[in-house]
Amino acid sequence: MRSISSPREPTAPPRLLLGVALMLWGGISDHPLIGLITAIIVEASHWTRIRWEFSDLASQRAWRTSLVLLLFSGAIIWMNSSVISALPKTVVWLPVIILPLQFVQSYGIHRSISLTNFSQFLRRRKAHCEKYGLPFRDVRFNFGYVYLTVTLVASALGDHARSVIFFPAALILIIWAFHRSFSWKQRLAPIGALVMITLATIGGLGGEKALNYAYQRFVLGNYQYGSLDWARQTRTSIGELREIKQSPAIQWRLIPGHGDLPRLVRVAAYNTYLNTYWSTVLPVDPRDEDAVRTTGMFEDLPSVGADEIEYRITALAEDNTFLDPAAATHPSLPYFTLRGSHPRKGLLPIPANAASIVQESQQLEINPFGTLRLDPKHPVTDTVVRWADPMTTARPPWEDPRNPDRVDPDLRIPTNEAEAIAEFVDRLGLRDLPFEERIRVLRQHFNDHFTYTRYLEQPRPRTDNGRAAFVTIFLNQTKRGHCEYFATATAFILRECGVPTRYATGFSVAERDPKSGVAFLRGTHAHAWALAWDAARGKWVDVDLTPADWTGRETPRVAAWQPWLDRLQMFRDDLLVWRTQPGNMAMAILLMVLPLVFGALLVARRLWRSKKRLEEERTTTPYRRKVETTALSDLEPLATPHIGPRPPGTPITRWLRQLIPLLPDPIPLESAIRLHQARRFDPASSPDQLDPDLIAQVSQVRDDLTQLPDQ
């Protein structure tokens, strides 16, 4: 096999570059100590003479070790975070994961690593070429620049990557990495471009912060919010001409405890509709400082101890204070366990009539709409929920204290929909009906004359004020839509009848395991319905008028691999719940750390033993005579600018042959090489006869080299 390689050995990154990049990564990713330790490991190769003769097999083992670390860390991160955030969080740890490869590069005697070490296909191709004598280009590179690139990418995904210092620091590191590749003129030429890039970066960062401030101050500030989240606003798919698709993945499980499971679990409730958005806009009295500070905000749910169990009371009494703990935690109340992955500051799906929940040592908040927000301590939430029909978690409807004559927010109807809604109510004769009868008539009308569909085809006409009356079109023309249409229409119709009504989102408990009775809440079970105020009972009532067959239409054909994904997710959730139980955390940490410690000790032992063997070989190797040089060695300083420095251990004749394609006349070089070999290795040769001719040929080659331009 003829191996084709680059004439120059790859160069390594400048000293301290990787160390500075790793410390930047540690600061940006909020792991400064780990960044410092990694930087010391990498840069210590410049301060010590300790080396190992790592072969290609060692590089392959380092690559496999990095893959094992990648899979191990990815699994750990996936178990402790959501699926969406697991990938970027794993990328953040790549500088530590691929550290074995950089260790082989930094502490090995070779300046490059072969690309074949990373691909089984390339290794087979190389073996095939060796077997049949075919040419093979062995691509070799210094892994330091790959490591630098990975470190910068990992830093860009760190927690503080949006800080002002990151982009200038990354730009400086990139310039530092490549400044040796340019001449002084080339180095000075891009200064103008760099100045423009720097100014553009500063302007971009400043503009982003200014827009974010303006949005927070002038848009969200009008509603007394600090940030936009699902507790305060949701965007519906009303008016969109597309098929509504939901994920079949399990989001929550309802594990039965005592009694039956609820039919609906609510995530959030809203009272104001505008341009296909439902939001929570709460009236605020500017004269009441306490109201400005607390109205519409979440308040903490205090812990209440009962039978050595920490409860959080969610139900309200008649005076709008939390229910007596004895009644809210009574053992006769039905209860179930809610289990599933939960994001930070996420909303908890519970029944509208939840009495209390068991949630230990975690921040739990509730707003006046009965929406619960949890800041979980663990990635999987395992909550016991007690509920009963008379209970309620939402406060009663209220009026605007600044204007008593103003329409209650729970009675407001968009002006572009008001006329059609009034005509619809009059046509069905709903105004004078009792509360229960009104809902029964409306449900019967929807079941008889309307159809549930996830595919929307209705046109997009505009009214005079520029807003589309999609609910009007749904009621009078298409009579087809998904749950968001039925819920929004129900809210408007009941408001027209004088019933305060809100819009609720959550899940329908529609799928159960026939053996265990466990209910699964998937993305396909996401649902919307109305919440109507029953003045006679003094509570909000779930009013779900979507045709009852919607669950069969909503559930798509299940993929063949979905049951396996369900089992994997349930195993993950159950394992994390087991880990958080008292006494199990230490065992889990031990099971995770032991393999890593054992592997690290094994690698350290092998490295120490190989280091000792190399030192013993150096001390016991007998002294060899000094290599005899000839006039041919005088060409080395002149040849280096054209073909790069001579690698250690490479014969000068083989190295100088790389000049043959560059010289105008290669014959003097070939003659000099022949005389050099005869001078050194032919016992019958006479130095007095060969040296004059060798000097003459070397002089001719020297003259040719001085006329060549630098490479």
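Nonpolar patches are made of residues with over 30% relative accessible area and no salt bridge, the nonpolar side chains being joined within 5 Å. The model in these exercises is predicted.

**Exercise 1. The nonpolar patch**

Task: Find which residues make the nonpolar surface patch, and which element gives the largest share.

Solution: 
- Step 1. List the members. They are Leu 16, Val 20, Met 23, Leu 33, Leu 36, Ile 37, Ile 40, Ile 41 and Trp 47. Together they make about 840 Å² of nonpolar surface.
- Step 2. Assign the elements. Helix H1 (17-28) and helix H2 (32-43) are the elements that give two or more residues to this patch.
- Step 3. Pick out the largest share. H2 supplies it, with 5 residues.
- Step 4. Check one member. Val 20 lies in helix H1. Its relative accessible area is 33%. Membership calls for over 30%. Val 20 counts as partly exposed.

**Exercise 2. Two aromatic pairs**

Task: Classify the ring pair Trp 52 and Phe 54, then the pair Phe 474 and Phe 486.

Solution: 
- Step 1. A pair of aromatic rings is described by the distance of the centres and the angle of the planes.
- Step 2. Note the total. The structure holds 21 aromatic pairs.
- Step 3. Take Trp 52 and Phe 54. Their ring centres are 6.0 Å apart and their planes meet at 25°. Planes under 30 degrees apart count as stacked, so this pair is stacked.
- Step 4. Trp 52 is buried at 9% relative accessible area. Phe 54 is buried too, at 13%.
- Step 5. Take Phe 474 and Phe 486. The centre-to-centre distance is 5.1 Å and the angle between the planes is 85°. This pair is edge-to-face.
- Step 6. Phe 474 is in helix H16 (residues 470-478) and Phe 486 in helix H17 (residues 483-496). They are 12 residues apart, and the pair links distant parts of the chain.
- Step 7. Phe 474 has a relative accessible area of 0% and is buried. Phe 486 is buried at 1%.

**Exercise 3. Clusters and charges over rings**

Task: Name the residues that ring pairs link into a cluster, and find which ring lies under the charged end of Arg 373.

Solution: 
- Step 1. Trace the cluster. Its members are Tyr 270, Tyr 273, Trp 278, Phe 492 and Tyr 503.
- Step 2. Locate the charge. The charged end of Arg 373 sits over the ring of Phe 298, 4.0 Å from the ring centre.
- Step 3. Arg 567 lies over the face of Trp 564, 5.0 Å from the ring centre.

**Exercise 4. Salt bridges**

Solution: 
- Step 1. Note the total. The whole structure has 18 salt bridges.
- Step 2. Take Glu 496 and Arg 431. Their closest N and O atoms are 2.8 Å apart.
- Step 3. Check accessibility. Glu 496 is partly exposed at 22%, and Arg 431 is partly exposed at 33%.
- Step 4. Take Arg 646 and Glu 636. Their N to O distance is 3.5 Å.
- Step 5. Finish with the network. Arg 253, Arg 339, Asp 382 and Asp 574 are joined by salt bridges that share partners.

Note on methods: Residues numbered from 1 in each chain as written. Predicted model: local features only at pLDDT ≥ 70, side-chain atom pairs only at ≥ 80, totals over all residues. Heavy atoms only, no water. Patch = residues over 30% accessible without salt bridge, like charges linked within 9 Å, V, L, I, M, F, W, Y side chains within 5 Å. Areas by Shrake-Rupley, 256 points an atom, 1.4 Å probe, with all protein chains shown as cover. Salt bridge = Lys/Arg side-chain N within 4 Å of Asp/Glu carboxyl O. Helix = DSSP H or I, 4+ residues; strand = E, 2+ residues; numbered from the N terminus. Buried < 20%, exposed > 50% of the residue type's maximum accessible area, 1.4 Å probe, protein only. Phe/Tyr/Trp six-rings, centres within 6.5 Å; stacked < 30°, edge-to-face > 60°. Lys NZ or Arg CZ within 6 Å of the ring centre and 35° of its normal.
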